[in-house]
Amino acid sequence: MRDLARLVLRLLQDDRPGAFHAVGPAEPTTLGGLIATCAEVAGTEVDVVPVPPETAPRPFFPLVRAEPLWPGQQRDPARARAAGLPATPLAVTVADVLAWDRDRGEPPLGHGFTPEQEARALAEADRR
């Protein structure tokens, strides 16, 4: 969010109109890379186990496809980068979000699998 705010301020100061795709880290990453970065920053380890989407309980958050290049979801931030969009390293952003989450003094966010749902999804994947 800070990177986007810096870009918007720069565009306003330069009186530069137009559309800018202010998306993504400086270096592309995969969902697995994001998860690994989150685990590293949090000081924990994770095992990523792909399971078929049909094993997810419904309704559920939109599942992310595991394909490394999903053209319909890609945007080119080159114009925004050329206009001055900074690129905070992913690990810094993850650390900031983790600090915010820990400082907010509320229970963990209630999204994702419960331990029971995770166990069922893994058992179903093993049966396939």
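Is arginine 127 buried, partly exposed or exposed? Arginine 127 is exposed, its relative accessible area being 60%. The structure described here is a predicted model.

**Packing of α2 and α4**

- Two packed helices are described by the angle between their axes and the distance between the axes.
- Helix α2 spans residues 31-42 and helix α4 spans residues 90-103; the two pack at an angle of about 60°, and their axes are 9 Å apart.
- The two helices α2 and α4 are therefore oblique to each other.
- The crossing that α2 makes with α4 is right-handed.
- On the α2 side, the contact involves Leu34, Thr37, Cys38, Val41 and Ala42. On the α4 side, these residues meet Leu90, Ala91, Val94, Ala95, Leu98 and Arg102.
- By type, the residues of this contact between α2 and α4 comprise nine nonpolar, one polar and one charged.

- Threonine 37 belongs to helix α2.
- With a relative accessible area of 18%, threonine 37 is buried, because the limit for a buried residue is under 20%.
- When neighbours within four places in sequence are left aside, threonine 37 is in contact with Leu90, Ala91 and Val94.

**Salt bridges**

- Five salt bridges are found when the whole structure is searched. Among them are the pairs set out below.
- Arginine 16 and aspartate 14 are joined through their side chains in a salt bridge, with an N to O distance of 3.2 Å. Arginine 16 is partly exposed at a relative accessible area of 35%, and aspartate 14 is also partly exposed, at 41%.
- Aspartate 101 forms a salt bridge with arginine 104, and their closest N and O atoms lie 2.6 Å apart. Arginine 104 is buried, with a relative accessible area of 17%, whereas aspartate 101 counts as partly exposed at 26% relative accessibility.
- Glutamate 124 and arginine 127 form a salt bridge between their side chains, at 2.8 Å from N to O. Both residues lie in helix α5 (residues 115-127), and because they are three residues apart there, about one helical turn separates them.
- Glutamate 124 is partly exposed, with a relative accessible area of 24%, while arginine 127 is exposed at 60%.

- Most residues other than glycine have a negative phi.
- Aspartate 15 has a phi near 50°, which is a positive value in a residue other than glycine.
- The position of aspartate 15 is in the loop between α1 (2-13) and α2.
- Aspartate 15 is exposed, and its relative accessible area is 65%.

**Proline 28 in the loop between α1 and α2**

- Proline 28 is placed in the loop between α1 and α2.
- Proline 28 counts as exposed, with 75% relative accessibility.
- In sequence, proline 28 and leucine 90 are 62 residues apart; in space, they are 9.9 Å apart from C-alpha to C-alpha.
- Leucine 90 is also one of the α4 residues that take part in the contact with α2.

Definitions and conventions: Residues are numbered from 1 along each chain as its sequence is written. This is a predicted model: local features need pLDDT of at least 70, side-chain atom pairs count only at pLDDT 80 or more; totals for chains, interfaces and linings use all residues. Side-chain values use heavy atoms; hydrogens and water are left out. Axes are lines fitted to C-alpha atoms, for helices over the stretch in contact, and angles run from 0 to 180 degrees between N-to-C directions. Helices (H or I, at least four residues) and strands (E, at least two) are DSSP runs, numbered from the N terminus. Angles under 35 degrees count as roughly parallel, over 145 as roughly antiparallel, 65 to 115 as roughly perpendicular and the rest as oblique. A crossing is left-handed if the near helix is turned anticlockwise from the far one by less than a right angle, and right-handed if clockwise. Contact means heavy atoms within 4.5 Å. Ala, Val, Leu, Ile, Met, Phe, Trp, Tyr, Cys and Pro count as nonpolar, Asp, Glu, Lys and Arg as charged, and the others, Gly among them, as polar. A salt bridge is a side-chain nitrogen of Lys or Arg within 4 Å of a carboxyl oxygen of Asp or Glu. Buried means under 20% relative accessible area, exposed over 50%, partly exposed in between (1.4 Å probe, protein chains only).
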